Amino acid sequence: MYYVIASLIGYLFGCIHGSQLVGKYKKVDIKNAGVKNAGASNTTILLGWKYGILVAFIDIFKATIAILLVLFILNENGIVGESQTLFVYITALFVIIGHNYPITMRFSGGKGTASLVGALLAIDWKVAVIGIGILLLFTFTTDYLVVGVLFMYLSFLVTTYIFFGMEPAIIVVLLSILSVMKHIENYKRIFNKEETKLSSMFKKKVS
C-alpha cells in the first residue's frame with residue numbers, strides 16, 4: 001500500500017509545473033518556445049532570470065514537500081528509520097516522472113533537474129551538499145548546465161550506494177536514464193556548439 005501512496009503522491013506533485021503556472025501568467029507557451037523545454041532554464045532564456053528562479057523554486061520544493069508528506073504518513077503509521085528509505089526514493093522517482101510526463105501537459109513536461117535538487121534536500125543533507133556542489137562546480141566550470149546535471153546524477157548514484165545500499169541506487173540508475181533521455185538534444189547541441197551557455201541566460205532582460 002505504501003508503495004502506491006508514495007508513487008501517487010510523487011506523481012501528483014510532479015505534475016505541478018512551475019513553467020506552466022508562470023507561462024499562463026505571462027501568456028507564453030514556455031514548452032513550445034525557446035529551446036522547447038518546460039523548465040527553469042528555458043524560462044530564463046525566454047523571460048529573464050527572475051521568472052527562471054520562480055520556476056526553479058516551484059519545481060524544487062514540490063519534490064521536497066512530496067517527500068516530507070510521504071515521510072509524515074510513514075511516521076504516523078509506525079514506519080520509521082531505514083524502513084523509510086526505499087519509499088522516499090520511490091517518491092523521488094515518481095516526482096521526476098510526473099515532472100517529465102505530466103498528465104496536465106499531455107505527458108510532455110520538463111527534464112526534472114530542479115525537482116531532483118528538491119528531492120536531494122529531503123533525502124539527506126550529505127547527499128544534497130555533495131550533489132548540489134557537484135552540479136554548481138561542473139556547471140560554472142563548463143558554462144553548460146547540462147554538464148553539471150550529468151555529474152550531479154553520477155554523484156547521486158555514488159552517494160546513494162554508499163549511504164543507503166543497492167535498492168535505492170537502482171532507482172537512481174532509472175532516474176539517470178530518464179535524465180539522459182531528456183537531455184539528448186542538449187548533448188547534440190553542445191557537440192554542434194549550439195547549446196545555450198549559462199552565462200548568456202543571465203544576460204536576458206526581464207520581460
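User: At what angle do the axes of α4 and helix α6 (residues 113-123) cross, and within what distance do they come?

Analyst: Two packed helices are described by the angle between their axes and the distance between the axes. In this predicted model, the axes of α4 and α6 come within 7 Å and cross at roughly 40°, which makes α4 oblique to α6. Axes here are lines fitted to C-alpha atoms, for helices over the stretch in contact, with angles from 0 to 180 degrees between N-to-C directions; under 35 degrees counts as roughly parallel, over 145 as roughly antiparallel, 65 to 115 as roughly perpendicular, and the rest as oblique. Helices are DSSP runs (H or I, at least four residues), numbered from the N terminus.

User: Which residues make the contact of α4 with α6?

Analyst: With contact meaning heavy atoms within 4.5 Å, α4 contributes residues including Asp59, Phe61 and Lys62, while Val117, Gly118 and Leu121 are among those of α6. By class, the contact of α4 with α6 has 11 nonpolar, three polar and two charged residues.

User: How do α3 and α4 cross?

Analyst: The axes of helix α3 (residues 40-47) and helix α4 (residues 49-76) come within 7 Å and cross at roughly 160°, and the two are therefore roughly antiparallel to each other. Ala40, Thr43, Thr44 and Leu47 of α3 meet Trp49, Tyr51, Gly52, Val55 and Ala56 of α4 in this contact.

User: What should I know about the numbering and the model?

Analyst: Residues are numbered from 1 along each chain as its sequence is written. Local features need pLDDT of at least 70, side-chain atom pairs count only at pLDDT 80 or more, totals for chains, interfaces and linings use all residues, and side-chain values use heavy atoms, leaving out hydrogens and water.

Definitions and conventions. Ala, Val, Leu, Ile, Met, Phe, Trp, Tyr, Cys and Pro count as nonpolar, Asp, Glu, Lys and Arg as charged, and the others, Gly among them, as polar.
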